[in-house]
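Welcome! Take a look at the view below, then follow the topics one by one.

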Amino acid sequence: MPVSRFGVSLEEDLLKALDEYVKENNFANRSQAIRFLVEKNLVEKKWKCDNLVAGAVTLVYNAKKREIRSKLQDIEAENTEIILSSQIFHLTPENCLEIVAVQGPSFRLTELADQLIAVKGIQHGKLNMSKVE
């Protein structure tokens with residue numbers, strides 16, 4: 001895809017914030033950071049429009065508490081039309097990381113993620129989405 005160049009004028013404090021953002025996120029340069037931010041904004045806009053998106057729900061929980069895994073399996077079984085796959089990684093003898101790959105309308109993915117993250121005993125949960133088209 002061809003690249004277009006253009007100039008951007010920013011207030012000094014905003015430019016400093018951009019430079020800090022570039023450094024904190026290990027971007028090669030300001031252009032890469034701006035591209036990322038614009039793309040992120042477009043993806044988030046698609047989420048609000050309930051367009052087709054794909055993503056992953058990441059969950060961390062105590063694997064020794066069987067009721068957590070059982071509840072997650074029940075929720076996942078009710079949502080097979082939007083779940084592509086799931087995988088569990090054992091981080092420690094007690095804790096595991098589960099990644100649930102999903103695709104569908106953004107509102108459905110958000111609902112599913114909220115259900116999974118709300119299960120009692122989930123230590124951490126997050127939904128990341130990306131545009132499909």
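**Helix α3 and its buried side**

In α3, the residues Ile68, Arg69, Leu72, Ile75 and Glu76 are buried. They share the same side of α3, because the arc they cover around the axis is only 125 degrees. Please keep in mind as you read that this is a predicted model.

*More on α3*

- Which residues sit on the face of α3 turned away from its buried side? That face carries the exposed residues Arg66, Glu67 and Ala77.
- Helix α3 is made of 12 residues, residues 66-77, and at 1.5 Å a residue it should span 16 Å. Its end C-alpha atoms are 16 Å apart, so the model agrees with that expectation.
- What do the buried residues of α3 pack against? Their partners are the strands β1 (52-62), β2 (83-90), β3 (95-105) and β4 (122-131), together with the helix α4 (106-117).

*The sheet*

- Four strands make up an open sheet, and their order is β2-β3-β1-β4, with antiparallel pairing.
- At the edges you will find β2 and β4, each of which pairs on one side only.
- From one strand to the next, the twist averages 15 degrees.
- Inside this sheet, β1 and β3 are joined in the antiparallel sense over 11 bridges.

- Helix α3 lies across β1, β2, β3 and β4, and it runs at about 165 degrees to β1.
- Helix α4 also packs on the sheet, where it touches β1, β2, β3 and β4. The direction of α4 makes about 170 degrees with that of β4.

*Aromatic rings*

- How many aromatic pairs does a search of the whole structure find? The search finds 2.
- One of them is formed by Phe27 and Phe36, whose rings are tilted, with 5.5 Å centre to centre and 45 degrees between the planes.
- Is Phe27 buried or exposed? Phe27 is buried, because its relative accessible area is 16% and the cut-off for buried is under 20%.
- Phe36, in turn, is partly exposed, with a relative accessible area of 39%.

Notes:
Residues are numbered from 1 along each chain as its sequence is written. This is a predicted model: local features need pLDDT of at least 70, side-chain atom pairs count only at pLDDT 80 or more; totals for chains, interfaces and linings use all residues. Side-chain values use heavy atoms; hydrogens and water are left out. Helices (H or I, at least four residues) and strands (E, at least two) are DSSP runs, numbered from the N terminus. The expected span of a helix is 1.5 Å times one less than its number of residues. Buried means under 20% relative accessible area, exposed over 50%, partly exposed in between (1.4 Å probe, protein chains only). The arc is that of the directions from the helix axis to the C-beta atoms. Contact means heavy atoms within 4.5 Å. Rings of Phe, Tyr and Trp (its six-membered ring) pair if their centres lie within 6.5 Å; planes under 30 degrees apart count as stacked, over 60 as edge-to-face and the rest as tilted. Two strands pair if DSSP finds at least two bridges between them. Axes are lines fitted to C-alpha atoms, for helices over the stretch in contact, and angles run from 0 to 180 degrees between N-to-C directions.
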